[in-house]
Amino acid sequence: MEPLSSIQQAMAFAWWVALGVCVLLYIALDGADLGAGIFSLFVDDEHERGAIMASMAGTWDMNETWLVVAGGILFATFPAVYGSTFSYLFIPLALALWAIMTRAVAMELRHLAHRTRRFTDLAFGLSSLATTFFGGVAIGAVLHGYVLTPEPGHTPTYAGGALSFISPFSIWTGVASVVAVTLAGVLYVRARFEKGEPIREQAARWTQAAFYVALVAVVVTVAWSAVEFPWAASKWFSSSAWVWALFLIGAVYAIVQMRRATTQDRDVAALLWYHAGAVVMGVAMMATLYPWLVPNDWTIFSGASPQLSLTSFTLAMGSFLPVMFTYNAYQIWVFRGRLSKFHGYHH
């Protein structure tokens with residue numbers, strides 16, 4: 001493979017950062033929606049389940065767009081990585097995509113389901129759960145890496161089996177994702193419903209248990225990663241360990257502030273502190289992975305597109321991301337008001 005020019009390296013790095021930002025935005029924004037969907041499985045009142053859908057009706061489609069954009073960036077700037085990784089993750093990503101579509105159909109057709117509304121609500125909740133679980137499985141599987149064809153002079157392709165993504169760690173990351181997203185969901189419900197609403201009180205009761213379970217899940221995941229992945233441990237426990245200590249301090253600070261905000265009924269602040277902690281941990285994971293896109297398989301630079309392709313994509317899409325971010329922020333601002341159960345979706 002020919003060495004990359006300095007311009008090509010800079011563009012590949014910039015799009016790697018953009019890819020990470022899009023993934024983090026999807027996890028933060030749609031993660032709260034997914035968590036609220038999981039929480040809805042335990043809500044008995046039909047109108048309250050509908051109100052959960054109503055709370056995200058103005059923003060859920062834009063939140064999911066960040067996932068589409070992340071896939072587009074991966075396809076355009078790291079096509080060999082896109083091809084091999086999607087072959088490796090075909091089953092969990094197909095199941096997650098099916099769940100995303102089911103969730104959207106359940107939301108949009110709920111008003112037509114008069115006699116089967118409970119089934120529609122169940123489909124919404126279960127598809128939120130499936131999206132979260134299989135998305136988490138995919139993340140854990142990527143961290144493990146996969147087998148590539150060793151043919152010299154040819155672009156490496158995925159050479160493993162259809163079920164190679166399954167491992168104890170990938171199953172665990174799926175479970176941990178459900179736990180973390182559920183905490184985001186109950187914080188979201190607290191922030192979106194009027195104080196005194198029974199559903200908000202139910203979410204407040206869930207927050208206590210979800211907080212401690214999520215905290216345990218994070219500790220287990222980090223400890224397991226240190227044992228499972230030498231490339232992670234070699235960074236965390238190297239001479240630059242102070243850098244990772246700063247990430248740890250930032251995450252702990254955000255967690256403490258989130259906990260304090262929940263006990264003081266500052267719902268929006270609690271949700272924002274949760275996202276701040278998630279972003280700190282996400283950035284720490286990206287820094288740990290660097291320069292790998294897929295550990296031991298693809299680096300940012302070995303998987304990058306030719307310079308002409310990177311330049312064309314940068315010129316075509318470089319200004320699109322700020323527009324998306326502005327529009328998404330505007331949507332959230334417009335639909336920021338608190339709801340009651342009588343704001344049920346298509347009520």
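Guide: Gladly. Keep in mind that this is a predicted model.

Visitor: Are α5 and α6 roughly parallel or roughly antiparallel to each other?

Guide: Helix α5 covers residues 90–108 and helix α6 covers residues 117–144. Their axes lie 8 Å apart, at an angle of about 155 degrees. Angles over 145 degrees count as roughly antiparallel. The two helices are therefore roughly antiparallel.

Visitor: How many residues of the contact of α5 with α6 are charged?

Guide: The α5 side includes Leu93, Ala96, Ile100 and Arg103, and the α6 side includes Phe124, Ser127, Thr131 and Phe134. By class, 14 residues are nonpolar and six are polar. The charged count is one.

Visitor: Which residues in α3 meet α5?

Guide: The axes of α3 (residues 60–77) and α5 come within 12 Å and cross at roughly 170 degrees. That makes α3 roughly antiparallel to α5. The contact has five nonpolar, no polar and three charged residues. On the α5 side are Ile100, Arg103, Ala104, Met107 and Glu108; facing them in α3 are Trp60, Glu64 and Leu67.

Visitor: How far does α10 reach from its first C-alpha to its last?

Guide: Helix α10 spans residues 241–263, which is 23 residues. At 1.5 Å a residue, the expected value is 33 Å, and the helix comes close to it. Its reach is 33 Å.

Visitor: What covers the buried residues of α10?

Guide: The buried residues of α10 include Trp244, Ala251, Met258 and Arg259. Their cover includes α7, α8, α9 and α11.

Visitor: Which residue just after α10 takes a positive phi?

Guide: Look just past the end of α10. The phi there is about 60 degrees, and the residue is Asp265.

Conventions:
Residues numbered from 1 in each chain as written. Predicted model: local features only at pLDDT ≥ 70, side-chain atom pairs only at ≥ 80, totals over all residues. Heavy atoms only, no water. Helix = DSSP H or I, 4+ residues; strand = E, 2+ residues; numbered from the N terminus. Expected span 1.5 Å × (residues − 1). Buried < 20%, exposed > 50% of the residue type's maximum accessible area, 1.4 Å probe, protein only. Contact = heavy atoms within 4.5 Å. Axes fitted to C-alpha atoms, helices over the stretch in contact; angles between N-to-C directions. Parallel < 35°, antiparallel > 145°, perpendicular 65-115°, else oblique. Nonpolar A, V, L, I, M, F, W, Y, C, P; charged D, E, K, R; others polar.
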